[in-house]
Amino acid sequence: MEKAEEWFNYGIELAKEFGPKLITAILIFIIGSWLIKKLIKTIGGVMSKSKYDESLQRFLLNLISWALKIFLIIIVISRLGVDVTTFAAVIAAAGLAVGLALQGSLSNFAGGVLIMIFRPYKIGDLIEAQGVLGAVKEIEIFTTKLITPENKLAIIPNGTLANGNIINYTTEGKMRVDIVIGIGYDEDIKQAKEVLLEVLTSNDKVLKDPAPSINVLNLGESSVDLAIRPYCTPEDYWDVYFATTEHCKIALDKAGIEIPYPHAVEIQKDA
């Protein structure tokens, strides 16, 4: 009974000593978190009014938010009675080991900074990098998020992006659509080109400048292959690709121009 009473009294003493500090630290954390959110929102509003680039805006807000949160945590720890200088010394001593363990993350952070400086792409751009094609959804401190044509989210480390090859399809504002359609050897090439060119020029999403082109690409075993090259904006790429393929087939059929079956020669040989 006496032992329980001693523990009870000891608990009360601890509560008297550390209770106010703990309550104050919790209040500081809650109020500080609220202030950080308000401050980030305010800074974001100012950036938007100043017409900051969206990619740079999100990156800077992310960076400022993390810096303020770390500062808030240090304040809370110091309010609990922990010696911040000792705490900082421990952090510094462990910094080398942590740095070695997080080399990849530090590389990705440096990559994010380089991307913000050199601006190889921005939010909304259609890019191809690291074997992934997609529209840039967000540029974060460590990663870049892309939305692929299949509506999948691809997350790529900034380190590999900054040090790898990047193809930006949006920068020039125009993309070439590459389609190949074969016609029979007995067909009139000039007529086929006129029919196909009519298909391209009648599509509102095909750009007039650069002008679309149709040229003989290859003399295959069973067909004369025509290279169909319309230009469009990156946003219209797939619409133009699918519509052109379909409408070219329909137009050639109406004109009575044969599109040979790819393996017609092989089938005849086997027969």
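## Close-up views of aromatic pairs and an open sheet

Across the whole structure, a search turns up six aromatic pairs; rings of Phe, Tyr and Trp (its six-membered ring) pair if their centres lie within 6.5 Å, and planes under 30 degrees apart count as stacked, over 60 as edge-to-face and the rest as tilted. Please keep in mind that this is a predicted model, in which local features need pLDDT of at least 70 and side-chain atom pairs count only at pLDDT 80 or more, while totals for chains, interfaces and linings use all residues. Residues are numbered from 1 along each chain as its sequence is written, and side-chain values use heavy atoms, with hydrogens and water left out.

**View 1. F109 and F142 form a tilted pair.** The ring centres are 6.4 Å apart and the planes meet at 55 degrees, so the pair is tilted. F109 belongs to helix α4 (residues 103-118) and F142 to the loop between β2 (132-139) and β3, so the pair ties together parts that are 33 residues apart in sequence. Helices (H or I, at least four residues) and strands (E, at least two) are DSSP runs, numbered from the N terminus. F109 is partly exposed at 31% relative accessibility, and F142 is partly exposed at 39%; buried means under 20% relative accessible area, exposed over 50%, and partly exposed in between (1.4 Å probe, protein chains only).

**View 2. W238 and F242 make a stacked pair.** Here the centres are 5.6 Å apart, with 25 degrees between the planes. Both residues lie in helix α7 (residues 237-254), four residues apart, about one turn of the helix. W238 is partly exposed, at 39% relative accessible area. Y237, W238, Y241 and F242 together form one aromatic cluster.

**View 3. Five strands build an open sheet.** The order is β4-β3-β2-β1-β5, with antiparallel pairing; two strands pair if DSSP finds at least two bridges between them. β4 and β5 (166-168) stand at the edges with a single partner strand each, so one side of each has no neighbour in the sheet. Strand β1 (residues 126-129) is joined to β5 by three antiparallel bridges, and I127 stands opposite N168 in β5.

**View 4. β3 and β4 form a hairpin.** Strand β3 (residues 143-147) pairs with β4 in the antiparallel sense over five bridges, and K145 has I155 of β4 as its bridge partner. Five residues sit between the strands, and N151 takes a positive phi near 65 degrees. In β4 (residues 153-157), A154 and I156 make up the covered face, whereas L153, I155 and P157 make up the uncovered one.
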